[in-house]
Structure formats: structure tokens, C-alpha cells
Amino acid sequence: MSIGVCYFPEHWPEERLEADIEQMAAAGLEYVRMGEFAWSKFEPEPGEYDFEWLDRAVSLVGDHGMQAVLCTPTAAPPKWLVDEYPDVRQEEPDGTVRDYGGRRHYCFNSPVYRRESRRIVEKLANHFADHPAVAGWQTDNEYGCHGTLHCYCDDCASAFRDWLRATYDDVDDLNDCWGTGFWSQDLNSFAQVDPPRHTVADHHPSRLLDYDRFTNDSVVAYNRLQVEALREANDEWFVTHNFMSHDGLNAYDVAEDLDFASWDSYPTGHVQAHHESVSADEFRAGNPDNLGIDHDIYRSMTDAPHWVMEQQPGDINWPPYSPQPADGAMRLWAHCAVAHGADVVAYFRWRRCLMGQEQYHSGLLRQDGEPDAGYHDAVEAAADLDRLAAATDDDKADAATGDVALIHDYDNLWALDKEPNTPEFDYWQHLETYYAALRRRSVTVDVVSPTTPLADYEAVVAPTLYLADDERAETLESYVDGGGELLLTMRSGVKDSYNKLHDAPQPGPLRSLVGATVDQHESVPESLANTVEYAGRQFDSHVWNEWLVSDDDTDVLGRYDDGPADGTAAVVRSERGTGSTTYVGTWPKPAFADALVGDLLDRTGVETTDPLPDHVRFTRRGDLTWVANFGGEALTVDAPADATWELGGETVGAYDVSVTDAAPSALSIREESR
Ligand code: GAL
């Protein structure tokens, strides 16, 4: 549990280096990340290398008892490289070239860029192979940032054709699987397939989904070549990548080649990007579940604890609005990261930069080198974590194992992204509805890929299993047969794995689990939003309704209470083996989600709390519970008389945190002056 920082020594006069590093050590920082985007400094002319400036920085970091995390510089190829090999640049669907001048403008499938990347990574890795102060590496930077996962250039066209040749038996197989008879799209050979470039009407959904899968595999292969070069130089280093929040890249796949996953956390930016309305508290400190779901995805990816490789240090340059974060928010975020299982939280960046594209981005230090608000928070967080480390017997098993799994499936995300069928449908938001309901009850949630073994989870929530085949159905059936409690939601079992409708009514292969079929579905604008009577109470739902027809032995738990579907089943529950499946055919608003998730959890042995207010979260890691207050008023927690407060106490100030050894289920909120 430690604090670090991202540092760009190349942005500052050499004379400043020692003072900066001394100050980092004095602040209690333990990791310094460097080298990112510095290719033009490492190799100013083709084949002429200069690593001396980084040698000095790494050695000083080591001399001051800290460790360096180095980055491969490939997210920003230098001008000479782009001039010499202009084809390494990405192309947009309409052929527009993504030119030099920003970053991330390279194509993952360019054979030249792969060769050049391998070359610079090898050089760097060999140079630092024996340096004791280098703890590990970050590959590249945020694959896909600025919407750059997909490229439509000629190198991608030929790589896509090879990918299809390896995926399908022959072109007739592809025609069958995609269903190319529609709009005269039959193909005579793989050579006829192009990337889905600009067209006037929608592209074929099967082709689009395969293009996403191909794109993902391209990133995995590109990342792997870097990982291999790093490990060949020194196989004791860790290798990670800093993923983005709520990304479209299947990070589970990329993480298979990494020692652990890292991600970049900017809570007041992300809440604006992901939520339609943002409260005053959220502008100041973000939303705990919007933040938590990313921690719980990246935590669930590998056996080793995840990192936050970039933590927001104060105001930032890229969201629509950047109010100053609340006093203490930067410390609160570090605590949340650790509570959700992270081992290191590195603030981005050390000092506000005097030049370039991010001058409106704060650092721990102001532009004049004096401490800014984030610095004080980072110093405090570092001291807190030392204190907690001494108080706990933490290990990864405790930190990383939730009682409930929430299935996150990138294939579903990609497919639904192409056909949301209503402006309000958003896969991440749908997931977050259930995640938030679980977290309001203080449950530890693993956000897992669909291939994760489920048997050890007391309950599994699988929102919108849109693409479902027999194999997926059988996995879930055996989970339920063995006593699992499964919650499936609207838009499940709609399509096959090629993104084609099943020829059976929805939920297709999931029919025997659900014990009902979907008679009609409809998207519902807010003006048609509806009520459902569930367990004797009326609740609101929105966005999407499915009118269910249940089998005789299936319980109808909820029925639409108005509109054309009045009286029709909306929520059903079907038992099999020693478990059961609940199917929710609409998108519940929060109170309804609380009731559904509460009933699910009541059928398990999972310990819970009553639903907490949106700005308060209890999070268990190992033998400690963090009480995080994302609100602007103090609150008081009732704890058992023998509870020990390792940090803070029962009164938790605005945007503050307390840590106790009492379990979440033993805590409650006594009073709040809001
Ligand atoms: C991240 C990126 C950093 C920096 C930061 C600004 O997405 O990895 O390099 O641009 O955003 O908030």
C-alpha cells in the first residue's frame, strides 16, 4: 500500500532533478514513473540513442530509497519516424490520416511500427536490465485513448483478412455466419473484405463485431511484443499497462500477458463522461460507484493487486468542467483505491507543466514548484497507508475475493454499442445500476469476464447477456444447479455469437434457465417511463421493457403496472437444482434495483448493510473496513463497542475517510446533517 508519482524529468532543467527527487522522498512517495512519451528524447535521430538523462533520474530515485517504474515510449512516435514511414499513421473510416502532432496516431497492425516499437523497447530494456532501482515497466500508454483503438488503413485491411482466414473455415462459412445475403453482401473470397470504412448506411452488424474482435486481438498482439522484449531483458521486472476507465478495449485479454493491471483514475472527469447528471458533490469528488467499478474490474483481472498508475492530482484539463476538487478529495481517492485492492496509487503528475498540451492540468506541485493542494493530500495519504500497513495483515486473497460476481462481457458491450436501439441504452450504465445496488449494501463485488469460474460466488449478476450460445447457457445452468443465485437482465439471449438473432424467441438458449420468453420488447423514452409492481410495492423503471410470458412453474415476481403491458410479467424467478434464476425484463431505477438486489442477497449467506446513501460507501479489504464519505457534510457511524478505529473515528468529515476493524455489516450510519 504505497503512494507514487508520474514524473517527466525531461520537461525541467537538469538542475532541478535532484531537488525534485529529494522532495518526492521527503513526501513519503515510494514509486516514480518516468519515460512515457519520451521517444524523441531517447532517440533524437534514427539510431542515435540518449538514455543518460533517464539514467541520472533512475539512479537518484534509487539513492533516495524509492523505485522507478519505466514506460515504453511508443504512444508518441517522433517526427523523424513518421516522416520516414508515413504509413504507420492510423486512418479514420473516411480515409483521413491521423497525423503527427498529438499522440496515439500509430497503427497497431503496421509491420513497420511493430518492428520499430520492438527495436526501441529492446534498446531501453537492455540498457536498464541490471539497474536495481527499476521495479518494472508500463507498456505504452492507455491503448485506445482519444478513440484510437480502431484504424482503417491498408495494413489493417490485410491483417483483417488474415484474421478472418484464421477464424472461418472458408469464405462460405463466413457468408453463413455473418448472414451476407442481406443487401447483396455475399463475398466470393476473403480478399474482398475491407475494414468497415465510410458508408452512407449502417454497416452489417456481424462485420462490425468481428472488426472489434480483430481490433482487440491486434492490440493484444502489439502489447505482447513489448512484454516479450521486456521480459527477455529481465524476467524479474513486473510488466503492466495503464488502462483507461470504462474502456472499449478488452482489458481481460491484454492483462493475460501482464503481471497486474493498472488504470488511470480521474474521478471528477469520469463522472462527467459517464453520468448524465452530475451533482455538486460529484463535481467536487466524483461518484464512488463510478470509481469503484473500475477498481473492481482491474482488481479482478490478475492474482496480483492492481495499481492506479495515474491518480487525479487536482483540477484537470480535459473534462467539460474542472471545478477544484474538494479539500481532501485526492486523499479520499487514494484510500478508495487501496480499499478496493490497489497496492500503489501514483499521482499524475509531479508538477504542472509549463509547456505543451496539458498546461491546464494540475500537478502535486504548482507551476512555480511550490506544493499545491494535491501535494498535501498525497503526503497525508502516504502517512495513512504506512499506518494502515502496520495495522493489518493484508494479503491479496482477502483483498481480491468478492462474494458476488458481476459479469462484464466486452463482446456484449461491442455488439450493443452498434445497435443500442435507443439513445438511453448504455452497457456500462446498465452494469453500474446493479453494481451500485450491490455496493449500497456494502458487498464486495468482483467484476469478472464471462469465462471466470463462478462456482465459488454466492450470487452472480449477469446484466444483458446479449450474445448467448449453448455453451454460455450450460455454464450458467450448472452454476444454478449447484445452488447459485443468478440474476439476469433485459436484452439477454437475443443474438448468437456472430451478432445474428436466434431463431427462437428471446432469451434463446437461456430459456430453460429463465423459465419465460419475451413476447414483445420496446424502448421507452422518459415520457413513457413506467411502473412495475414488485413484491407488493410500486417501482419505477425506464429505457427498455420486455413483456414476459412465463412457464407454469415460474414465479412472476413483478408485473407492469400501467401502459399497454399493464399486468404483464416484468420480473420472473425460476428454480432449478438447488439455486434459482431471477430475470428482470426492464431497467430498474435505483430503488427498484435495491429491492431486486436485496432479495437476491437475502437468498444467500452474503453479509450486507441496509442500502447506504449514494455518497457513503463501506469497503472491506482484508481485516479492515474503509468508511468513505463522498459528501460535503460530516456523518457519524455506529460501530460495535469493541471496534478499533485505525484511522479517523466514528465521525467522518466531508470528503474524508475512517478505517476500522469492524465488518461492514456491523456498521450503520447514525446521523447526517444534510
Ligand atoms: C491520461 C494520460 C496522461 C495524461 C492524463 C491527463 O489519460 O494517460 O498522459 O494525458 O490523461 O489527465
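**Figure 1. Arginine 104 and its salt bridge to aspartate 140.** In this predicted model, arginine 104 is buried, with a relative accessible area of 1%. Its side chain meets that of aspartate 140 in a salt bridge, 2.6 Å from N to O. Arginine 104 sits in the loop between α4 (79–84) and α5, and aspartate 140 in the loop between β4 (134–139) and α6 (154–167), so the pair ties together parts that are 36 residues apart in sequence. Aspartate 140 counts as buried because its relative accessibility is 0%, and buried means under 20%. Side chains of opposite charge can pair when their charged atoms come close.

**Figure 2. The salt bridge between arginine 119 and glutamate 43.** The closest N and O atoms of arginine 119 and glutamate 43 are 2.8 Å apart, and the two residues form a salt bridge. Distant parts of the chain are linked by this pair: arginine 119 belongs to helix α5 (residues 111–128), while glutamate 43 is in the loop between α2 (39–42) and α3 (52–63), 76 residues apart. Glutamate 43 is buried, at a relative accessible area of 0%. Arginine 119 is partly exposed, with a value of 24%.

Figure 3. Aspartate 481 and arginine 576 form a salt bridge in which the closest N and O atoms are 2.8 Å apart. The pair connects helix α18 (residues 470–481), which holds aspartate 481, with strand β17 (residues 569–576), which holds arginine 576; the two residues are 95 residues apart. Aspartate 481 counts as partly exposed at 32% relative accessibility, and arginine 576 is partly exposed with a relative accessible area of 22%. Elsewhere, salt bridges link Asp289, Arg440, Asp594, Asp614 and Arg617 in a network. The whole structure contains 46 salt bridges.

**Figure 4. Helix α6 and its cover.** Helix α6 has 14 residues and reaches 20 Å from its first C-alpha to its last, close to the 20 Å expected at 1.5 Å a residue. Which residues of α6 are buried? They are Cys156, Ala157, Ala159, Phe160, Arg161, Trp163 and Leu164. The elements covering these buried residues include α7 (171–178) and α8 (205–233). An unreviewed UniProt entry places the feature "domain: Glycoside hydrolase family 42 N-terminal" at residues 6–387. Over residues 6–387 the chain is 41% helix and 9% strand, and the end C-alpha atoms are 23 Å apart.

**Figure 5. Asparagine 412 in helix α16.** Asparagine 412 is found in helix α16 (residues 410–418). At 0% relative accessibility, asparagine 412 counts as buried. Leaving aside neighbours within four places in sequence, asparagine 412 is in contact with Tyr427, Thr464, Leu465, Tyr466 and Leu467. In an unreviewed entry, UniProt lists residues 403–606 as "domain: Beta-galactosidase trimerisation". The span of residues 403–606 is 25% helix and 33% strand, and its end C-alpha atoms lie 7 Å apart.

**Figure 6. Strand β12 and its pairing with β11.** Strand β12 (residues 485–489) is mostly covered, with 5 of its 5 residues buried. Glu485, Leu487 and Thr489 point one way from β12, and Leu486 and Leu488 point the other way. Strand β11 (residues 459–462) runs parallel to β12 and is joined to it by 4 bridges. Alanine 462 has leucine 488 in β12 as its bridge partner.

Figure 7. Strand β23 pairs with β25 (residues 657–660) in the antiparallel sense over 2 bridges, and tryptophan 645 stands opposite threonine 660 in β25.

Note on methods:
Residues are numbered from 1 along each chain as its sequence is written. This is a predicted model: local features need pLDDT of at least 70, side-chain atom pairs count only at pLDDT 80 or more; totals for chains, interfaces and linings use all residues. Side-chain values use heavy atoms; hydrogens and water are left out. A salt bridge is a side-chain nitrogen of Lys or Arg within 4 Å of a carboxyl oxygen of Asp or Glu. Buried means under 20% relative accessible area, exposed over 50%, partly exposed in between (1.4 Å probe, protein chains only). Two strands pair if DSSP finds at least two bridges between them. UniProt positions are given in the numbering used here, feature names are shortened, and annotations may be inferred rather than shown by experiment. Contact means heavy atoms within 4.5 Å. The expected span of a helix is 1.5 Å times one less than its number of residues.
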